Amino acid sequence: NSGGQSGSKGTQPPPPRPWIDPLKSAVDHLDHARLDQADKQLQAAETLLAEAEDGDEKSVGTSKLDSLKTQLTSAREAELERLAEEKSRKRAERLAEAKELQESGKLDEATAALDAVLSMAPTIEQRETVRELKDAIETHRAARRRLGSWMKMLASKQRSEVRAAQNQLRR
């Protein structure tokens, strides 16, 4: 009887190693793009593996850890790339919006959109476009101020002011 009992004990799997749960948790976090949580679990597993005795199970655990670290690095790089693409898309959208606003005469809103583009680390080309649009906006504002001044002069009761405004408008 005791021989049969010892045989059944021999078929039981060895007790799980303490690093297995953090590694499984890290896999779940990676699958759901929770990169910071995955990193914490990998650090915990690494600590547990460092404390373990050398052996085949530790080698397998270390191999799995290295593989997951590589996946985490790749996931972080992909996330950074995605964020950079999103930022680039937003800059381009705001730049197009600023141009439309400027063309429709909404100069303050256009200036605000251009400032937003500048706050998003634009490319050299985008900075040049912002500079050109800001120059055009300032030219437009100056023209509005001159026109307003001339309109006041045209409405004046003094003949000399009316003539001066007419001369300015003829240029």
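Modeller: In this predicted model, a helix is a DSSP run of at least four residues, numbered from the N terminus. With that in place, we may read a pair of side chains along one helix.

Colleague: How far apart are Arg82 and Glu86 in helix H4?

Modeller: Arg82 and Glu86 are four residues apart in H4 (residues 56–103), and therefore about one helical turn separates them. Their side chains meet in a salt bridge, at 3.0 Å from N to O. Arg82 is partly exposed at 39% relative accessible area, and Glu86 is partly exposed at 27%.

Colleague: Which residues are joined with Arg82 and Glu86 into one network?

Modeller: I shall first give a further pair. Glu138 and Arg141 lie three residues apart in helix H6 (residues 124–154), and their closest N and O atoms are 2.9 Å apart in a salt bridge. As for the network, salt bridges with shared partners link Glu79, Arg82, Glu86 and Lys90. The count of salt bridges comes to 14.

Colleague: How are helices H2 and H3 oriented to each other?

Modeller: An angle over 145 degrees counts as roughly antiparallel. The axes of H2 (residues 20–31) and H3 (residues 35–51) cross at roughly 160 degrees and come within 8 Å; the two helices are therefore roughly antiparallel. The residues of their contact comprise 10 nonpolar, four polar and no charged.

Key: Residues numbered from 1 in each chain as written. Predicted model: local features only at pLDDT ≥ 70, side-chain atom pairs only at ≥ 80, totals over all residues. Heavy atoms only, no water. Axes fitted to C-alpha atoms, helices over the stretch in contact; angles between N-to-C directions. Parallel < 35°, antiparallel > 145°, perpendicular 65-115°, else oblique. Nonpolar A, V, L, I, M, F, W, Y, C, P; charged D, E, K, R; others polar. Salt bridge = Lys/Arg side-chain N within 4 Å of Asp/Glu carboxyl O. Buried < 20%, exposed > 50% of the residue type's maximum accessible area, 1.4 Å probe, protein only.
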